[in-house]
Amino acid sequence: MTNSHSRTILRGLKAAQDDISLLIVTGVLTTAAVLLVAGSPDEKRISVYSNVANYSLTAVQRNNLDYIGLLELLEPLGTVSAKTSGDHWKFRYNDVESEFIAGRTRARVRGGDLDLPANFVLEKGRGLVPLSSLSTLLPRILGGPITFNQSARRLFVGNVAIHFTAQIDKTGAQKLVMNFTSPVNPTIATEPGKLRMLFTHEPVVSPGSQTLTFDSKAIPSASFQESNGAAEILVTSNTPVMASFSNDGRTITIAPPSTTSAQNQAQPQTQPANPPPPPTVVASTTAPAIAPQHVFAVIDASHGGDERGAALSDRLAEKDVTLAFARALRAEMMARGLTAQLLRDADTTLTLDQRAGMANSSGAAIYICIHASSEGNGVRLYTALVPSASDNHGPFLDWDTAQSSFQETSQVAALSVASELKNKKIPVRTFQAPLRPLNNVATAALAIEISPAAGNVSQLNAPDYEQSLASAVATGVLDIRDKLQAGSR
Amino acid sequence: MIPRHLIIAVAVMIAVALGMSFYAWRIRGRVNRAEGPANTQPVAPPAAGPSEQVTLYVAYDDAQVLRPRAVRIPLPAGRQERAEELLQALVDLYLDKSSPHVLGPDSEIRGVYLVDPGLAVIDLNAAFANGHRSGVLIEELTMASLVGSLSANIPGISRIKILVDGKERDTLAGHVDLTNFYDVAAVNQLVAQLQNAL
């Protein structure tokens, strides 16, 4: 685009060398065209990832809050229609009826009331809902789990997240091999010492830790961050590197140019990185379609959002430790070929009923809930202490005792995980506990309460400790994969 | 001139009244002799009574276990009053300086109600729940200590519900569920698990 602008300007100069006014007009028009195509740098984007389509929309600001048009948001996912009647806005998604009232927070979805965190806005027949309402509103409308990272404005509908692992391959010249669970095609930009991969259309999510460090002088680290509807992986290098794609776009290898060209001659796409400035930007193509994935495990980082959980120290909240550990556990499970999904992958508020509902609708073979405590040492594993309650009615399970039929499998899972933790010399105890939503989950369900091994609370968010525990838990689950799959049918 | 039959009737009524007064005076004298002198002792407080040995399941934070402890406490005769005194003794133990399982200041048992055959309701005060430390095991130790101690000493309880200030509350301190009824048999299994140290 920049070259096009330059050529336009040069042609203008040659055609009317002394005609300054023509140059000014051309310049103004070119600048306007650039701004029109590129969009405002302050524009807030929200990206939606689903099995049906991946797309981006623009958020608008009303009353100092971010809003999104509900009809535009859900239009690519199903059949939508809306009807305005005075202050009332009736919205239909497939067979689900909703009704909103302008200036009110109370909405009606699927026949039940729901409170939005801020007023509904109706503008010329366009219904706007606050972004902060999506975590609670969309599961009711869509009838399935969603994950909304509000700070990065990334919305995941169902189990669509693309996970990745990154490790240094030290055979021959050192290279960083990144394996993704689905094909990816990021926009790659380089500058001295850095290679940026921007994922705008792909639901790539954090590998567990925001920063990855490698035992490599050439490529010492990489970082993951999300913002404005996109994810970015930034690879730091001390030598010029190139990125090459293989395995149908599922693997990106970052290595010095000679290594890449010698070892990946058969790879069709090779993008240069770390050349002398100025930076090069390679335009990305449309992301490949993402096939529906079967979820083996649902990992629930307890607490979150307004609910901080226990104050583990002056600065450390339980909700942050559980999220970090949940991400580490997901990475360990993915590394073992077990597909895993987080119920929350950001600092969002979910009720216990929502968590149970999402876990039950996922069809996962195991539900793992994460808690953290500053008291005691090592790990406590809990299965449900099912309360005294009413009976099931035909195919409908009693909500409070839905876990009853799965308790045996849950206890097998707890014993397997405990065994792996003991193998790693990590203190572990196993109990039953009246801990919701374990009793509401209709699959094998396990809660893990992690506490520091040496009484030092800061150990709870130490990557080494997290990784050690997560590795043992993932191995314990892997050991009984067949039993869990059989038990969930 | 007053008729003669009227004079006779009044005389008979006076004689009957005098006879009944004498009879009442005799009866009262017998009752006073049977009761003896009036009891001027103050009414005994509810907790007063013969000391009895009971088993409390006491939580120990250091070892993260429950341990049975035999204690002698005065207990009243009524079943419900006994239940209240028993749990308050447990809470007093936790509020002591040498407590092995610290509760928040001013924690109290507001009441224990045996409302239905087999059902007991424990009503904690708000300070109990608001001042409780947050964590799955730490909350579970408190719950199991209350339920285990109550069911071990008050026979016939099969279900227990815990309220806070007379109202239902979601959790004790963010983890242990208080919305459901506890099955005493299941909790007693948990009490047994919690007695095993690491």
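A salt bridge is counted when a side-chain nitrogen of Lys or Arg lies within 4 Å of a carboxyl oxygen of Asp or Glu. By this rule, A:Glu375 forms a salt bridge with B:Arg133, and the closest N and O atoms are 3.2 Å apart. The model is predicted, so local features need pLDDT of at least 70 and side-chain atom pairs count only at pLDDT 80 or more, while totals for chains, interfaces and linings use all residues. Residues are numbered from 1 along each chain as its sequence is written, chains are lettered from A and ligands numbered from 1 in the order in which they are written, and side-chain values use heavy atoms, with hydrogens and water left out.

The rule finds one salt bridge across the interface of chain B and chain A. The interface also holds twelve residue pairs in polar contact, both at pLDDT 80 or more (a pair of N or O atoms within 3.5 Å; within protein, one must be able to donate a hydrogen and the other to accept it, and residues adjacent in sequence count only if both atoms are side-chain atoms). On the side of chain B that touches chain A, α4 (136-153), β6 (182-183) and α5 (184-194) of chain B each supply at least two residues. Here helices (H or I, at least four residues) and strands (E, at least two) are DSSP runs, numbered from the N terminus. The largest share of that side, six residues, comes from α5(B). In total, 30 residues of chain B are in contact (heavy atoms within 4.5 Å) with 26 residues of chain A.

Chain A itself has ten helices and 30 strands. Of its 489 residues, 52% are buried, where buried means under 20% relative accessible area, exposed over 50% and partly exposed in between (1.4 Å probe, protein chains only). In helix α7 (residues 352-362) of chain A, the buried residues are A:Gln354, A:Arg355, A:Ala356, A:Met358, A:Ala359 and A:Ser362. Their cover includes α4 (134-142), β12 (146-149), β25 (297-301) and β27 (366-372) of chain A. After α7(A) comes A:Gly363, with a positive phi near 70°.

A:Gly378 counts as buried because its relative accessibility is 0%. Leaving aside neighbours within four places in sequence, the residues in contact with A:Gly378 include A:Ile426, A:Pro427, A:Glu449 and A:Tyr465. The C-alpha atoms of A:Gly378 and A:Leu469 are separated by 9.1 Å, although these residues are 91 residues apart along the chain.
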